[in-house]
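This briefing is meant to be read with the sequence and the coordinates side by side.

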Amino acid sequence: YKSVVIWSLRNGKKRFSELQKSLTGISQKVLTEKLRSMEEKGLVTREVFPEVPPRGEYSLSDLGTSLYPVLDALEDWGWGYKKLVAETTHDAR
């Protein structure tokens with residue numbers, strides 16, 4: 001899920017609930033674990049606002065944003081693969 005969290009944060013800060021909604025099928029427990037791990041490793045930053053109830057926003061650190069080229073390459077590969085599968089399926093008919 002970490003790569004998907006990074007992908008989801010590409011467009012800016014998100015609250016926990018926004019992240020959870022954007023990541024279909026992830027439990028609150030797993031998302032919490034992944035975010036804590038990513039924060040410890042310096043990929044994600046968390047800003048906590050002194051409000052009641054407490055509000056926090058997650059964003060990518062400089063280290064996290066340095067993964068953009070890797071994710072872009074994976075996206076390009078995925079689109080190429082999808083095209084290849086579509087062509088292969090079409091040719092098999």
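In which helix do W77 and Y81 lie, and how many residues apart are they? Both belong to helix α5, which covers residues 68-92, and they are 4 residues apart, about one turn of the helix. The model is predicted, and the points below should be read with that in mind.

**Aromatic rings and charges over them**

- A search of the whole structure finds 1 aromatic pair, and that pair is formed by W77 and Y81, whose rings are stacked with 5.2 Å centre to centre and 5° between the planes.
- W77 counts as exposed because its relative accessible area of 58% is over the 50% cut-off, whereas Y81, at 46% relative accessibility, is partly exposed.
- Elsewhere, the charged end of R10 sits over the ring of Y68, at 4.5 Å from the centre of that ring.
- A further arginine, R55, lies over the face of F49, with 3.9 Å to the ring centre.

**Overall form**

- The secondary structure of the protein consists of 5 helices and 3 strands, which follow one another along the sequence in the pattern α-β-α-α-β-β-α-α.
- The radius of gyration of the protein is 17 Å, whereas a compact globule of 93 residues would have a value near 12 Å.
- Taken along the principal axes, the box filled by the C-alpha atoms of the protein comes to roughly 60 × 25 × 20 Å.
- Of the 93 residues in the protein, 27% are buried, and the protein exposes about 6800 Å², of which carbon and sulfur atoms supply 55%.
- When contacts between residues at least 6 apart in sequence are considered, 46% of them join residues at least 24 apart.

- T45 is placed in strand β2, which spans residues 44-49, and with 36% relative accessibility T45 counts as partly exposed.
- Beyond its neighbours within four places in sequence, T45 is in contact with E57, Y58, S59 and S61.
- The C-alpha atoms of T45 and S61 are 5.9 Å apart in space, although 16 residues separate T45 from S61 in sequence.
- Strand β3 spans residues 55-60 and includes E57, and S59 lies in strand β3 as well.
- S59 counts as buried because its relative accessibility of 14% is under the 20% cut-off.
- Leaving out residues up to four places away in sequence, S59 touches L9, K13, L43, V44 and T45.
- E57 is likewise buried, with a relative accessibility of 18%, and among the residues that E57 touches beyond four places in sequence are K13, K14, R15, R46 and E47, together with T45 and F49.

- Which residue is joined to E57 by a side-chain polar contact of 3.1 Å? The partner is R55, the arginine that also lies over the face of F49.
- R55 has a further polar contact of 3.2 Å, in this case between its side chain and that of E51.
- E51 is found in the loop between β2 and β3, where its relative accessible area of 37% makes E51 partly exposed, in contrast to the buried E57.
- The loop between β2 and β3 also holds P53, and the peptide bond that leads from V52 to P53 is cis, with omega near -5°.
- For context, most peptide bonds are trans.

**Helix α4**

- T65 lies in helix α4, which covers residues 62-65, and its relative accessible area of 29% places T65 among the partly exposed residues.
- T65 and G42 are separated by 23 residues in sequence, with 11 Å between their C-alpha atoms in space.

Note on methods:
Residues numbered from 1 in each chain as written. Predicted model: local features only at pLDDT ≥ 70, side-chain atom pairs only at ≥ 80, totals over all residues. Heavy atoms only, no water. Phe/Tyr/Trp six-rings, centres within 6.5 Å; stacked < 30°, edge-to-face > 60°. Helix = DSSP H or I, 4+ residues; strand = E, 2+ residues; numbered from the N terminus. Buried < 20%, exposed > 50% of the residue type's maximum accessible area, 1.4 Å probe, protein only. Lys NZ or Arg CZ within 6 Å of the ring centre and 35° of its normal. Polar contact = N/O pair within 3.5 Å; in protein donor to acceptor, adjacent residues only side chain to side chain. Contact = heavy atoms within 4.5 Å. Rg over C-alpha atoms; globule rule 2.2 N^0.38 Å. Areas by Shrake-Rupley, 256 points an atom, 1.4 Å probe, with all protein chains shown as cover.
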